Amino acid sequence: MNLIDVVERLFDQYGYYVLLIGLPLDFIALPIPPGNSTLTYTGYLVYLGLLHWLPAYLFALAGAILGVTITYGIGYRFGTPLVDRFGKWLSIHPEFLEKTRKRYDKYGDKLLLYVFFVPGVRQFIGYFIGIIRLPYRTVATYAYAGTAIWVTVFFSIGYVFGEQWKQVFQIVERSLTRTLILLGVLFVLYQLIRWIIRRSRKG
């Protein structure tokens, strides 16, 4: 049974509540049902007339925002004490968190508009912004907006493309995976170039 089959069965049993319960689980890093598939299939059900678009969209948006809020709260409340106590075993120290927070302050807010599309990152970004104590006002401004963009895009794929939604969804998923790999390679190259430059200056 593939992931799409799982989503279809869950919708058959629970309807709109799949969105309100399942999407937060996706953010908590228990992606059953997986968020991208769930949203796209929701749009398809609206296309078929089996769901009404407004409650479907609002339930999806509410579930996704709830997932961000829960993971942010967990990271904010428990992340720093856990790092203080156990971070040394993972080579994560308070100094590292402070450095990461400063780097985030420089580049990060606008990235929250896009990171929910990145496989694997969506499940951990809420914890991360909680651990670095990002102000809730910033979370509400950027993370919620990014969540709304993510929900709208995948919801629209199912609704707009109708019977072809699976094919389009698979193309989008492959494109996102390739983009993630490309960004990873570029990041490694960037770090390598920086290391070479530092070495040459010291020499």
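How many aromatic pairs does a search of the whole structure find? The search finds 13, where rings of Phe, Tyr and Trp (its six-membered ring) pair if their centres lie within 6.5 Å, and planes under 30 degrees apart count as stacked, over 60 as edge-to-face and the rest as tilted. One of these pairs joins tyrosine 72 and tyrosine 136, which is tilted, with 6.2 Å from centre to centre and 45° between the planes. The two partners sit 64 residues apart and link distant parts of the chain, tyrosine 72 in helix 4 (residues 53-86) and tyrosine 136 in helix 7. Helices here are DSSP runs (H or I, at least four residues), numbered from the N terminus.

Before going further, a word on the model: it is predicted, so local features need pLDDT of at least 70 and side-chain atom pairs count only at pLDDT 80 or more, while totals for chains, interfaces and linings use all residues. Residues are numbered from 1 along each chain as its sequence is written, and side-chain values use heavy atoms, with hydrogens and water left out. The pLDDT is the predictor's confidence in each residue, from 0 to 100; the protein chain averages 80, and 73% of the residues score at least 70. Confidence is highest in helix 7 (residues 136-161), at a mean of 93, and lowest in helix 8 (residues 165-202), at 70.

Buried means under 20% relative accessible area, exposed over 50%, and partly exposed in between (1.4 Å probe, protein chains only).

| Residue | Relative accessible area | Class |
|---|---|---|
| Tyrosine 72 | 7% | buried |
| Tyrosine 136 | 45% | partly exposed |
| Arginine 133 | 40% | partly exposed |

Arginine 133 belongs to the loop between helix 6 (122-131) and helix 7. Its phi is near 60°, a positive value in a residue other than glycine; most residues other than glycine have a negative phi. Arginine 133 also lies over the face of tyrosine 76, at 4.2 Å from the ring centre (a charge sits over a ring if NZ of Lys or CZ of Arg is within 6 Å of the ring centre and within 35 degrees of the ring normal).

Helix 7 itself has 26 residues and spans 36 Å from first C-alpha to last, close to the 38 Å expected, that is, 1.5 Å times one less than its number of residues. Its buried residues include Trp150, Phe154 and Phe155. Just after helix 7, glycine 162 takes a positive phi of about 55°.

Elsewhere, ring pairs link Tyr41, Tyr44, Tyr47 and Trp165 into a cluster.

Key. Helix = DSSP H or I, 4+ residues; strand = E, 2+ residues; numbered from the N terminus.
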